[in-house]
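This report covers two sites in one protein chain. The sequence and structure come before the details.

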Amino acid sequence: MNKTLRALLTGAALSITASTAFAAECIAPANPGGGWDFTCRQVGKLLYDLGQVDSPVQVTNMAGAGGGLAFAHVVAERATDAELIVAASSATTTRLAQQAYGDASADQVRWVGAIGADPGVIVVAADSPMQSLDDMVNAIKADPGSVAFAGGSAAGGFDHMKPLMVLQAGGFSDITQVKYIGVDGGADAITQTVGGFTQAMTGDMSEIVGFLESGEVRALAVLTEERVPGFEDIPTAMEQGYDVVAVNWRGFYVPHDISDEEFDAWAAKIQAVADSPEWAETMAANGLAPFTKVGGDFQGWVDQVIADTEALSREIGVIQ
């Protein structure tokens, strides 16, 4: 644990008071109102409503270091706490892969389940000559500088990674030559593309819905295993021959030293929420697509995602 996280953790320990009145606790590694807070509160409510826990789930907001404070707290202070889950997302695993949490590593916790996701997309302006991922990949193979991408994350972030994964799956290896412009959010990225400043936008489905409906952009692919309900006209990358799934998943990790039985019990509880009509309604109301992986299936998937992200991050120079 690096010095910055130690200092933050010490301050948090003084300001956070645990309650014994709840059977389970969910840490949201951010202030109220964000995606991690949403995950804790919505899933926590359904865990109780569906009878998966005996008492309402306590939600603790622990903002700091982009999720690093909560991660350090769990590793150092809560490693055996079987009543604790922590909200996580693609941002969590990307930061771990890129060593953004100092010397912390993903194997210091256990990854118990993903429950819904904001699907990754690659879009172009409505008048773009590119009609498919093949068109995009072939254009870049012919001239790597001919297609620039705009995205809402900084260089090296998750939006940047999405087209690079597609290009690698398509046999293009010189990814450092691919142009990427990080801007302030998905709407700005789409504006860059519609205005002709970039040739494509990389982001999440929730960022492009309004622009799809207005006809300003066309989606070349959604980066999910199956087509997204409500957007069945958008093909997946996989069905176009590119074995890439890149979604901003919503899910949880748990402390490393809980027993296998306790881990499996949490996986079963998360699966029960995922299977409920109440969660389907919550996803539809908040622009999430089905994406459920629990227990060992999710753990193995996360391990592979982190390995791939680390390798790609090294290749583009984000980490050494």
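## Polar contacts of glutamine 98

A polar atom of the glutamine 98 side chain sits 2.6 Å from the backbone oxygen of glycine 156. The model is a predicted one. The side chain of glutamine 98 also makes a polar contact with the side chain of serine 313, at 3.0 Å.

## Setting of glutamine 98

Glutamine 98 belongs to the loop that runs between helix 4 (90-97) and strand 4 (109-125). Its relative accessibility is 16%, so glutamine 98 counts as buried, the cut-off being under 20%.

Leaving aside residues up to four places away in sequence, glutamine 98 touches Gly156, Met161, Ser313, Val318 and Ile319. Two of these residues, Gly156 and Ser313, are the polar partners described above.

## The disulfide

How many disulfides does a search of the whole structure find? The search finds one. The bond joins cysteine 26 to cysteine 40, with an S to S distance of 2.0 Å. The pair links distant parts of the chain: cysteine 26 lies in strand 1 (residues 25-28) and cysteine 40 in helix 2 (residues 35-49), 14 residues apart.

Why is the disulfide of cysteine 26 and cysteine 40 called left-handed? The torsion about its S-S bond is about -75 degrees, and therefore the disulfide is left-handed.

## Burial of the cysteines

Cysteine 26 has a relative accessible area of 0% and is buried. Cysteine 40 is buried too, with a relative accessible area of 1%.

Conventions. Residues are numbered from 1 along each chain as its sequence is written. This is a predicted model: local features need pLDDT of at least 70, side-chain atom pairs count only at pLDDT 80 or more; totals for chains, interfaces and linings use all residues. Side-chain values use heavy atoms; hydrogens and water are left out. A disulfide is a pair of cysteine sulfur atoms within 2.5 Å. Helices (H or I, at least four residues) and strands (E, at least two) are DSSP runs, numbered from the N terminus. Buried means under 20% relative accessible area, exposed over 50%, partly exposed in between (1.4 Å probe, protein chains only). A polar contact is a pair of N or O atoms within 3.5 Å; within protein, one must be able to donate a hydrogen and the other to accept it, and residues adjacent in sequence count only if both atoms are side-chain atoms. Contact means heavy atoms within 4.5 Å.
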